[in-house]
Amino acid sequence: MADGVKPRVKAPKSASAGEVVVLKTLISHNMESGQRKDKSGNPIPRSIINRFTCEFNGTPVIDVTMEPAISTNPYFEFEAKIPEGGNLKFTWYDDDGSVYEETKSIKVG
Amino acid sequence: MDFTRRETLALGAGAVALTVLPFRVNAAAEDAIAAFTGGAAVADGGVNLTAPEIAENGNTVPISVSAEGATAIMLLAAGNPTPGVATYNFGELAGSASASTRIRLAGTQDVVAIAKMADGSFAQARSTVKVTIGGCGG
């Protein structure tokens, strides 16, 4: 599932130093659980995003281990503390080895 | 109604299987909890788990969880074929130990959140979600 994967992130463009901001992320992905069967009764192999991380200037914010019970198009909402201006880096790791990345810069002032 | 010896044995075996099966389902969740806590005692309270009482569609059930002072939170769906849902590890810059996501539930069941606190203790919260249409296909 390497095609049609599109990460989307909602983050504020600016914040005051030390402010806690809410981040919302969504990535389009089938998240095939491995439990379903196709028409002829064969199990469809598992294909999910198994890990999601968020870093701010290299410092970890959140690291999520995901299992097949996460819905299609995984959505996460969480909070981050912004001590200074910099970049938020979001990374998704696919079962097939693909890595999807998205970066958002936040200004402080 | 008379039972032959063979029928009686078959009935007995069926009854044993029925009592053992639900126990195994729970055991998978218990194993996952033990792996996360390392066998430590889990206290009640201190974790807020927000889940709908009734979910019409088990494919996307909105769940949010928060626990003040937690370093990690594990979410479990005890009645799913595999009980694990997600584990959040909060880093240095996490604004608060809280997160929301959408999960799949196979049927009506308990959703469990277990938080690992900064001092190494564990706390949990449970919430029962009624699911109208299960979300694991089949």
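Predicted model: local features only at pLDDT ≥ 70, side-chain atom pairs only at ≥ 80, totals over all residues.
Which residue stands opposite A:Glu77 in strand 7 of chain B?

Residues are numbered from 1 along each chain as its sequence is written, chains are lettered from A and ligands numbered from 1 in the order in which they are written, and side-chain values use heavy atoms, with hydrogens and water left out.

**Exercise 1. Describe the strand pairing between the chains.**

Step 1. The residue opposite A:Glu77 is B:Ser100, in strand 7 of chain B. Strands (E, at least two residues) are DSSP runs, numbered from the N terminus.

Step 2. Strand 6 of chain A, residues 75-82, is joined to strand 7 of chain B by four bridges, and the two run antiparallel. Two strands pair if DSSP finds at least two bridges between them.

**Exercise 2. Characterise the interface of chain B and chain A.**

Step 1. Contact (heavy atoms within 4.5 Å) involves 29 residues of chain B and 31 residues of chain A.

Step 2. The two chains bury about 2400 Å² between them, with 52% of it on carbon and sulfur atoms. Buried area is the accessible area (1.4 Å probe) that two parts lose on being put together, summed over both. In chain B, the residues that lose the most area to chain A are B:Leu93, B:Arg102 and B:Arg104, together 31% of what that side buries.

Step 3. There are 19 residue pairs in polar contact between chain B and chain A, both residues at pLDDT 80 or more. A polar contact is a pair of N or O atoms within 3.5 Å; within protein, one must be able to donate a hydrogen and the other to accept it, and residues adjacent in sequence count only if both atoms are side-chain atoms.

Step 4. Strand 6 (84-90) and strand 7 (94-103) of chain B each supply at least two residues of the side that touches chain A. The largest share, nine residues, comes from strand 7 of chain B.

**Exercise 3. Is B:Thr87 buried or exposed, and what is in contact with B:Thr87?**

Step 1. B:Thr87 lies in strand 6 of chain B.

Step 2. B:Thr87 counts as buried because its relative accessibility is 15%. Buried means under 20% relative accessible area, exposed over 50%, partly exposed in between (1.4 Å probe, protein chains only).

Step 3. Leaving aside neighbours within four places in sequence, B:Thr87 is in contact with A:Asp63, A:Val64 and A:Thr65, and with B:Phe36, B:Ile73 and B:Met74.

**Exercise 4. Locate the salt bridges.**

Step 1. A salt bridge is a side-chain nitrogen of Lys or Arg within 4 Å of a carboxyl oxygen of Asp or Glu.

Step 2. A:Asp95 is in the loop between strand 7 (86-94) and strand 8 (99-108) of chain A, and A:Arg46 in the loop between strand 3 (19-27) and strand 4 (49-56), 49 residues apart. A:Asp95 is partly exposed at 31% relative accessibility, and A:Arg46 is partly exposed at 41%.

Step 3. Another joins B:Asp110 to B:Arg126, with the closest N and O atoms 3.9 Å apart. B:Asp110 lies in strand 8 (residues 109-117) and B:Arg126 in strand 9 (residues 122-133) of chain B, so the pair ties together parts 16 residues apart in sequence.
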